[in-house]
Amino acid sequence: MSARVWQTLVVVLASAVAGCGGDASQMQFAENTTVAKPVHHKARAAVKKTLVEHFGTPLDSVAWLKLPVNYGKAEGTVKSVDGRSFIVEFNPEASDLESLKSPELTRAGLLFKSGANQGKSFLLASYDASDKSFEALTAFEAAPADGDQFVVAGQNLRHGRKLYARHCQHCHGVSGDGEGPTAQYLNPRPRDYRLGVFKFTSTNKDTKASREDLKRIVSQGIPGTYMPAFVPMLKDHELTSLIEYIRWLAMRGEVEVQLLKELKNDFAADRAKKEAKESNTSTSEIEKQIAKQLEEYEANAAEGLPAFLESASGDIAGAWEGAEAPETVIVPPVPRVLDSKESRERGKLMFLKDGKCVNCHGPAGKGNGFQTEDYQKNDATGGLFEKRGLHDAWGEQIKPRDLTRGIYRGGRRPIDIYRRISQGIKGTPMPATPATVTPEQIWDLVNYVLSVPFESAAPKAATGSSVEGHPVEQGHPK
Ligand code: HEC
Ligand code: HEC
């Protein structure tokens, strides 16, 4: 089997979480209804089916090996077989042997890449490191033979799923849609992972969040929001599994959005009604045509749904892989400009004039610039938002930060602020600085931003200074 073909294979896992059973009917991934609404109901069903094939359900997940998710994986060859148990030899380059110690190895997936069971998935019961033997949970239909190649995968995903259900789901939702039962009480709302967009990254503005970025957020939390810090509660290997689970949920959400958007073109929700009117044919006749066309689209490997899934998932996988490339991390090309009065004044001038920060953050940095009062353009519809002020990629209203409070969600180290200012904040209107702004000027802005809480807290006489020609609104002493 060629490498490319087997990459598209999936390893099925059972991830039922003991003690978290609840109502099994609630344990489904919810549809992204915002995106699905304008799509024909039959096409929506086709998307659901495709997603189940490649991602499974929350309780029976699928490890789609094409995606850059560290599922916990070991590859090897069968040496000898005794009933359900088989002794193996690993391919060290393609095996994470540490992951075989995972508490979630039971019910992880076993997929044969060759032999009588080629392409078939089984569930594992256990692994014994002393004699390198696996035990399968269920009997094989056809006994594996010496030399059969296999891959074991999914223990990290199962582990991540279990931790997610316990610690994150009540806010972020089963599907990672940010719609957990607690979410409605929170502002800002828990992140909806399904756009694949994360705000506080070290990577450049066109790149996704790296594993390191996500780990940092989950470890330290997001100050000033309800996102808690999970260190020291969670151990390093637990964080690792959790991060993979979140990345997997994000990729699943992105695949869903791509499929729905693609299908909307030919299979719009109102198509039958429209065409019936135009052509004087009965709606039921058009519905029949739609059903037939959809069937053909689903079956057409070269130009239909399978081909689209192949390329869309390839792009998504590539984008996530890209975030791990060291060169995407923003490292200032010059050391921090000395935090002097002069530097802050330059930063302040920039803030008020060329940097346009004032438009959103307001003259004293309180987050009340004029853009928070205007009607803003909605790129999704081409029109204006119904409500005044700024909106984020999730369609929620969003306020520029009140910089007088000195709370920085993405971290308070100067380098964190540098990254926020130079690259903007993904998924929000906070823009990257244009290329004409020099790294030294960004450091001036950093120095100024970090001084704002003190400037506004100080008595009036001490900070009456304002940048020449730009009287500055005085903040209130706290
Ligand atoms: C009490 C509710 C709550 C819980 C529990 C919670 N989160 Fe969050 N989380 C939030 C909120 C609110 C935000 C959004 C903050 C913002 O937009 O600034 C968020 C944001 C995030 C982000 C986005 C970071 C970024 O850069 O965009 C990640 C990743 C995340 N949470 C992971 C987790 C994980 C993993 C867990 C469980 C271990 C978890 N959260 C538990 C409320 C919660
Ligand atoms: C179009 C509006 C807009 C402009 C212009 C803008 N910002 Fe922001 N800024 C925002 C919004 C919105 C947020 C909050 C994003 C979030 O965390 O959800 C923000 C957040 C911030 C933060 C907080 C970072 C953190 O980790 O909490 C800083 C610092 C900041 N902006 C500095 C600046 C500077 C300096 C400029 C000018 C170079 C600027 N902003 C220009 C909208 C803007």
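This is a predicted model: local features need pLDDT of at least 70, side-chain atom pairs count only at pLDDT 80 or more; totals for chains, interfaces and linings use all residues.
Strand 8, which covers residues 149-153, is mostly covered, since 4 of its 5 residues are buried. On one side of the pairing pattern, strand 3 (residues 73-82) joins strand 8 in the antiparallel sense over 5 bridges. Within this pair, threonine 77 has glutamine 149 of strand 8 as its bridge partner. Strand 8 also pairs with strand 5 (residues 109-112), again in the antiparallel sense, through 4 bridges. Here glycine 109 stands opposite alanine 153 of strand 8.

Strand 5 is covered on both of its faces. Gly109 and Leu111 lie on one side, Leu110 and Phe112 lie on the other, and all four are buried. Strand 5 pairs in turn with strand 6, in an antiparallel arrangement of 3 bridges, and leucine 110 is found opposite phenylalanine 122 of strand 6.

A barrel is formed by 6 strands in the order 3-4-7-6-5-8, with antiparallel pairing. On average, neighbouring strands of this sheet are turned by 45° against each other, direction ignored.

The protein chain contains 14 helices and 10 strands, and its C-alpha trace spans about 85 × 70 × 40 Å along the principal axes. Of its 478 residues, 49% count as buried. Among contacts with a separation of 6 or more, 66% are between residues 24 or more positions apart. The domain assignment divides the chain into domain 1 (1-71 + 154-329), domain 2 (73-153) and domain 3 (341-463). A distance of 54 Å separates the C-alpha centres of domain 2 and domain 3.

Attention now turns to the interior. In soluble globular proteins, nonpolar side chains tend to be buried together. The largest nonpolar core of the model comprises 56 residues, and Leu67, Tyr71, Phe198, Trp248 and Leu263 are those with the most contacts inside it. Helix 7 (residues 236-266) supplies the largest share of this core, with 13 residues. Because domain 1 (1-71 + 154-329) and domain 2 (73-153) both contribute residues, this core lies between them. Leucine 67 illustrates the packing: leaving aside residues up to four places away in sequence, it touches Phe55, Met251, Ser313 and Ala317. Another core, of 21 residues, lies apart from the largest one and includes Val358, Val437, Ile442 and Val446.

The cysteines were considered last. A disulfide is a covalent bond between the sulfur atoms of two cysteines. A search of the whole structure finds 0 disulfides. Cysteine 171 has a relative accessible area of 14% and is therefore buried, the cut-off being under 20%. Cysteine 360, at 15% relative accessibility, also counts as buried.

Notes:
Residues are numbered from 1 along each chain as its sequence is written. Chains are lettered from A and ligands numbered from 1 in the order in which they are written. Side-chain values use heavy atoms; hydrogens and water are left out. A nonpolar core is a set of buried Ala, Val, Leu, Ile, Met, Phe, Trp, Tyr and Cys residues joined through side-chain atoms within 4.5 Å. Buried means under 20% relative accessible area, exposed over 50%, partly exposed in between (1.4 Å probe, protein chains only). Helices (H or I, at least four residues) and strands (E, at least two) are DSSP runs, numbered from the N terminus. Domain bounds come from an automatic or database domain assignment. Contact means heavy atoms within 4.5 Å. Two strands pair if DSSP finds at least two bridges between them. Axes are lines fitted to C-alpha atoms, for helices over the stretch in contact, and angles run from 0 to 180 degrees between N-to-C directions. A disulfide is a pair of cysteine sulfur atoms within 2.5 Å.
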